[in-house]
Amino acid sequence: MAKVYKDLREFLATLDQEGQLLRITDEVMPEPSIGAAGRAATRMSNGPAVYFEKIAGYKNPLVTNAHGSWQNHALMMGMDKDTPVKEQFFELNRRWDKYPCDPVIVDRAQASCKENVIESDINLFDVLPLYRINDQDGGFFLSKASVITYDRDEPDNLGKVNVGTYRIQVKDVDTIGIQALPFHDIAIQLAKYERRNEPMPIAVTLGNVPLITFMASTPIAYDQSEYSFAGALQDGVPVEITPADTDPHLLVPATSEVVLEGYIKPRVRTCEGPFGEFPGSYSGARNQCEIKITHITHRTNPIFENLYLGMPWTEIDYLMALNTSVPMFKQLHNEGFPEVTAVNAMYTHGIGTIIAVKPRFGGFAKAAAMRFLSTPHGMAYGKLVILVDDFVDPFNLEQVMWALTTRVLPSKDVNLIHNAAGMPLDPSSYPAGMTTKLIIDATTPVAPEPNPRPVALVADPEGTEEWAKTLAEISAALGK
Amino acid sequence: MNCPRCDSPKTRVMTKSPVGDVWEVYVCDVCAYSWRSTEDPKVWPTFKLKPEQIPNLDVIPAIAPLDPDVSV
Ligand SMILES: [Zn+2]
């Protein structure tokens with residue numbers, strides 16, 4: 001049974017034990033230190049979390065980059081920190097099928113997120129060490145919150161309780177702005193309230209068990225439950241949730257460090273942004289929704305968890321890497337293309353995707369690419385598709401480059417599909433949302449496609465696997 | 001003190017540091033830009049806003065029409 005964390009603190013303790021968390025004990029100024037440290041941490045080979053114990057002017061500590069490396073990602077799943085990405089992919093794929101693993105609802109008294117309550121004189125700065133992430137951001141942002149809402153017409157339907165990550169700008173001591181893009185679940189729910197001119201109840205939770213945070217940024221169907229998925233990804237161990245104080249239908253993680261409760265003001269939009277976004281560029285100011293915070297609960301000495309995002313790779317890329325790849329793999333492998341052996345859809349949320357496939361006949365790989373490009377996610381995001389043979393690890397870019405350099409005859413293997421749907425946040429799409437799809441077939445030609453210069457591949461020498469183990473053991477012993 | 005982004009004079013102290021007298025945070029009531037007293041905000045020309053531009057910014061998401069039986 002994989003290790004499962006009951007709260008963020010247990011996860012951080014494990015990161016610490018594994019050498020994947022660095023403590024900053026000296027006092028720092030919020031700007032630019034916290035954003036800069038988050039940026040720098042993602043460039044380290046082991047990508048550790050960074051824990052700030054003392055931030056000038058604030059009461060509480062902060063952690064950033066908790067998910068920001070493959071080592072931390074493996075530990076999030078309760079696996080050995082050195083687990084290769086491809087193995088993490090297949091493990092996630094296996095646990096995915098345990099859906100639904102429904103959450104357990106616990107009493108208020110059992111929920112650590114209720115240890116402290118603030119009901120009046122709300123001031124977010126009293127609880128959270130807020131800071132500017134990137135220099136041109138229009139204010140201080142929450143970049144790693146799990147936001148809870150429910151369906152006005154079916155308040156008791158757990159499948160329609162939505163847990164999502166949205167960018168949130170602090171507008172005042174008790175007011176925040178939120179970006180609800182039209183294709184987000186929260187926008188569907190908001191429309192039902194705004195038609196009635198009613199405030200929409202909402203809870204913004206911070207500092208959760210790592211797989212709830214992971215699921216909050218995973219695109220799933222509107223009527224699927226993020227909580228039931230998080231339980232599945234905990235290898236069948238349910239997550240614990242509890243009703244919010246201000247609305248029993250708002251079910252929040254029981255061990256959140258901080259829960260902000262309030263409502264979206266109906267039919268109000270105010271100036272929000274700019275914000276440095278995941279494609280590595282700023283998105284400008286827009287008129288967006290506003291939330292009034294009326295009630296806060298928090299653990300004693302709460303830890304503020306936030307992430308750095310900017311030019312990839314940053315922490316956010318790990319939160320939309322394998323959780324984008326696994327659903328794409330399932331939609332291909334389980335629905336008509338069992339010859340697809342792995343999908344790496346983790347470059348800028350699947351704008352760049354590598355598909356490993358064992359082609360049955362000439363043109364087969366290209367058909368798999370077209371299938372990917374006609375899935376809902378692939379249609380919107382997919383732009384650059386690389387096809388490699390099944391024996392190439394699509395998560396190993398050296399191997400992918402080998403395939404590109406030795407398997408591609410550009411005059412026949414590079415294909416452009418003009419005037420196709422694209423991702424508006426991709427600044428190369430023009431007009432925004434229109435792009436050209438690029439398919440590169442780096443698989444070995446199979447009949448009836450001619451392969452006029454076949455080659456014999458060099459196989460690993462006998463004993464390579466045993467030597468890999470031996471060398472790893474010697475290396476590990478040296479490290480101790 | 002004028003707003004670093006829209007140059008409006010309608011700015012105010014949003015809050016002071018909860019511990020010690022280390023910093024204040026200011027906010028513009030016109031464009032919602034906020035900054036800390038320990039920062040020296042330099043808003044790039046591309047992100048400058050004129051107050052009259054704000055009502056014309058894109059609205060995300062669009063506001064759904066009211067149901068026929070509802071009035072504001
Ligand atoms: Zn302003």
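Q: How many residue pairs are in polar contact across the interface of chain B and chain A?

A: This is a predicted model. A polar contact needs N or O atoms within 3.5 Å. Across the interface of chain B and chain A, 21 residue pairs meet the rule.

Q: Which strands of chain B supply residues to the side that touches chain A?

A: Strand 1 (11-16), strand 2 (24-28), strand 3 (34-36) and strand 4 (59-60) of chain B each give at least two residues. By type, that side of chain B has 28 nonpolar, 5 polar and 8 charged residues.

Q: How many salt bridges does the rule find between chain B and chain A?

A: The cut-off is 4 Å from nitrogen to carboxyl oxygen. The interface of chain B and chain A has 5 salt bridges. One of them joins Arg196(A) and Asp67(B), at 2.9 Å, N to O.

Q: In which sense do strand 18 of chain A and strand 4 of chain B pair, parallel or antiparallel?

A: Strand 18 (residues 286-298) of chain A and strand 4 of chain B pair in the parallel sense, over 2 bridges. Look at Asn287(A): its bridge partner in strand 4 is Val59(B).

Q: What area do domain 1 and domain 2 of chain A bury between them?

A: Domain 1 covers 8-306 and domain 2 covers 335-442. Together they bury about 990 Å², 80% of it on carbon and sulfur atoms. Lys86(A), Phe89(A) and Phe278(A) supply 46% of the area that domain 1 buries against domain 2.

Q: How many salt bridges are counted between these domains of chain A?

A: The count between domain 1 and domain 2 of chain A is 0. On the domain 1 side, helix 4 (residues 85-96) gives the largest share, 4 residues.

Terms used. Residues are numbered from 1 along each chain as its sequence is written. Chains are lettered from A and ligands numbered from 1 in the order in which they are written. This is a predicted model: local features need pLDDT of at least 70, side-chain atom pairs count only at pLDDT 80 or more; totals for chains, interfaces and linings use all residues. Side-chain values use heavy atoms; hydrogens and water are left out. A salt bridge is a side-chain nitrogen of Lys or Arg within 4 Å of a carboxyl oxygen of Asp or Glu. A polar contact is a pair of N or O atoms within 3.5 Å; within protein, one must be able to donate a hydrogen and the other to accept it, and residues adjacent in sequence count only if both atoms are side-chain atoms. Ala, Val, Leu, Ile, Met, Phe, Trp, Tyr, Cys and Pro count as nonpolar, Asp, Glu, Lys and Arg as charged, and the others, Gly among them, as polar. Two strands pair if DSSP finds at least two bridges between them. Domain bounds come from an automatic or database domain assignment. Buried area is the accessible area (1.4 Å probe) that two parts lose on being put together, summed over both.
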